[in-house]
There are 2 protein chains.
Amino acid sequence: MSGWLRIVGLGPGCDGLITPEAQATVAGATDIVGYIPYVARVPDRPGLVKHASDNRVELDRASHALDLAAEGRQVAVVSSGDPGVFAMAAAVFEAMEGRPDWQGLDVVVVPGISAMFAAAARAGAPLGHDFCAINLSDNLKPWDLIEKRLRLAAEADFAMAFYNPRSASRPEGFRRTLEVLREACGDDRLVIFARAVSTPAEHISTVKLSEATPEMADMRTVVIVGSSRTRRVGPWVYTPRMA
Amino acid sequence: MSGWLRIVGLGPGCDGLITPEAQATVAGATDIVGYIPYVARVPDRPGLVKHASDNRVELDRASHALDLAAEGRQVAVVSSGDPGVFAMAAAVFEAMEGRPDWQGLDVVVVPGISAMFAAAARAGAPLGHDFCAINLSDNLKPWDLIEKRLRLAAEADFAMAFYNPRSASRPEGFRRTLEVLREACGDDRLVIFARAVSTPAEHISTVKLSEATPEMADMRTVVIVGSSRTRRVGPWVYTPRMA
């Protein structure tokens, strides 16, 4: 059999949100490649080789997966959520640059339920109208660019979803994010903290910007900030369609 | 049994992209409510009542579904893609406003694979870094607001995904959108037209902005415009993670 590479989204955490296509792809692979906790979500079986690696080595991991596929293995690179959203798909295509031999491989991206849409569903429909998604990690881009995007997104009155809001090594960025948003959007804007959605550790809370503190977020949290129209109805938060 | 309402995403079209949770929810419903082609995707079975309605009556449809749930029916409102993205979830919460009796109903939003992420997966990873999603229909918002968002999104250097780019009743908006983008982003910016993703009618094409014409899009097309960093590698289009 010839080699292939599939870049697979496992969804936010629970089995009920893994698509049949993702399930079948993982079941047909000889090798699973990914970040340790995501590889751990794939059940062991005879003959399956798992290659789990630590965070922040995405490009090495992508190259390793492409190498395995080029050798004739059937390789599934697994991501949480959707692989095209701040996850492994971009890293795999980046690793292909300058390697024409890898560009002809049989590669398919298998979408998954993204953390942002799973979080939005739990809260109601806060992303029910125009919105943007911003990765708040400044590992790979300057903080100034993040701040510029926050200000322009507020001016455009987008609802916003933030990935990687805060980590132990970057404690300051999210504090600054909240300051910028309070300046640009005012104290009453609604903010949803959605942690570990669809897992046993799930925790969702909605507060006003004036009540939001940096400690409410960690690396397992997706943060959603409403537009100026976003509001509560009963226990729900939603953004109306005319906005 | 007491009534409930589930707002369910059926994914972009193929069965392999419907989650087990969505599948089980639809299978457990007494009533299916939705736009005609989406209701048609649910198989008939004895006892199942289907309520299919035409486009542009979202609020009436939502009220009808809430009424049925309040009467004790188990109701699934079905959307294509994800129900929280320019779809029925926002309409249901909007219909709840001013109706405290409906706000206490047992309601759950069941996420689905969105058209934008399914489209991105087919093309590679064009939404692999910060991005926004804009509904180009001016049925419910003024065109000036759409144009303002397009210009700010370009200034923020977001990749962009457009829903409802063009319909028979709104032929001009998408032509104007392409003009605004050419002004703001230049001729070489990559544009992906993704029509009917994951169905037998699927068609994906990638062109430069200078080559894009309004006729390339219709109501079944998701349009993705890259950021300044978005590029081709082999047959793929992706946005690098450092952008």
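Reply: What follows is a chat about chain contacts, salt bridges and strands.

Me: What kind of model is this, and how is the numbering done?
Reply: This is a predicted model, where local features need pLDDT of at least 70, side-chain atom pairs count only at pLDDT 80 or more, and totals for chains, interfaces and linings use all residues. Residues are numbered from 1 along each chain as its sequence is written, chains are lettered from A and ligands numbered from 1 in the order in which they are written, and side-chain values use heavy atoms, with hydrogens and water left out.

Me: How much area do chain A and chain B bury between them?
Reply: About 5,800 Å², with 63% of it on carbon and sulfur atoms. Buried area here is the accessible area (1.4 Å probe) that two parts lose on being put together, summed over both.

Me: And how many residues does the contact take from each chain?
Reply: 65 residues from chain A and 65 residues from chain B. Contact means heavy atoms within 4.5 Å.

Me: How many residue pairs are in polar contact across that interface?
Reply: The rule finds 26 residue pairs between chain A and chain B, both residues at pLDDT 80 or more. By class, the side of chain A that touches chain B has 39 nonpolar, 12 polar and 14 charged residues. A polar contact is a pair of N or O atoms within 3.5 Å; within protein, one must be able to donate a hydrogen and the other to accept it, and residues adjacent in sequence count only if both atoms are side-chain atoms. For the classes, Ala, Val, Leu, Ile, Met, Phe, Trp, Tyr, Cys and Pro count as nonpolar, Asp, Glu, Lys and Arg as charged, and the others, Gly among them, as polar.

Me: Salt bridges next. How many over all chains?
Reply: A search of the whole structure finds 36, and the count between chain A and chain B is 10. The rule is a side-chain nitrogen of Lys or Arg within 4 Å of a carboxyl oxygen of Asp or Glu.

Me: Which residue does Glu58(A) form a salt bridge with?
Reply: Arg241(B), with the closest N and O atoms 3.8 Å apart. The pair crosses between chains, from helix H3 (residues 58-70) of chain A to the segment after strand E13 (236-238) of chain B. Helices (H or I, at least four residues) and strands (E, at least two) are DSSP runs, numbered from the N terminus.

Me: Where does Glu94(A) come in?
Reply: Its side chain meets that of Arg241(B) in a salt bridge, 3.1 Å from N to O. Glu94(A) lies in helix H4 (residues 88-96) of chain A and Arg241(B) in the segment after E13 of chain B, so this pair joins two chains.

Me: Are Arg241(B) and Glu94(A) buried or exposed?
Reply: Both are buried, and Glu58(A) is buried as well. Buried means under 20% relative accessible area, exposed over 50%, and partly exposed in between (1.4 Å probe, protein chains only).

Me: What about Glu97(B) and Arg231(A)?
Reply: Their side chains meet in a salt bridge, 2.7 Å from N to O. Glu97(B) is partly exposed at 32% relative accessible area, and Arg231(A) is partly exposed at 34%.

Me: Which residues are linked in a network of salt bridges?
Reply: Glu147(A), Arg151(A), Glu172(A), Arg175(A), Arg176(A), Glu179(A) and Glu183(A).

Me: Now strands. In which sense do the two E7 strands pair?
Reply: Strand E7 (residues 131-135) of chain A and strand E7 (residues 131-135) of chain B pair in the antiparallel sense over 3 bridges. Phe131(A) has Ala133(B) as its bridge partner. Two strands pair if DSSP finds at least two bridges between them.

Me: And strand E2 of chain A, why is it called largely enclosed?
Reply: Because 4 of the 5 residues of E2(A) (residues 31-35) are buried. E2(A) pairs in the parallel sense with strand E3 (residues 49-53) of chain A over 5 bridges, and 4 bridges join E2(A) to strand E4 (residues 74-79) of chain A, also parallel. Tyr35(A) has Ser53(A) as its partner in E3(A), while Ile32(A) has Ala76(A) in E4(A).

Me: Last one: what does Val233(B) touch?
Reply: Not counting residues up to four places away in sequence, Val233(B) touches Phe93(A), Met96(A), Glu97(A), Gln103(A) and Tyr238(B). Val233(B) is in strand E12 (residues 231-233) of chain B and counts as buried at 4% relative accessibility.
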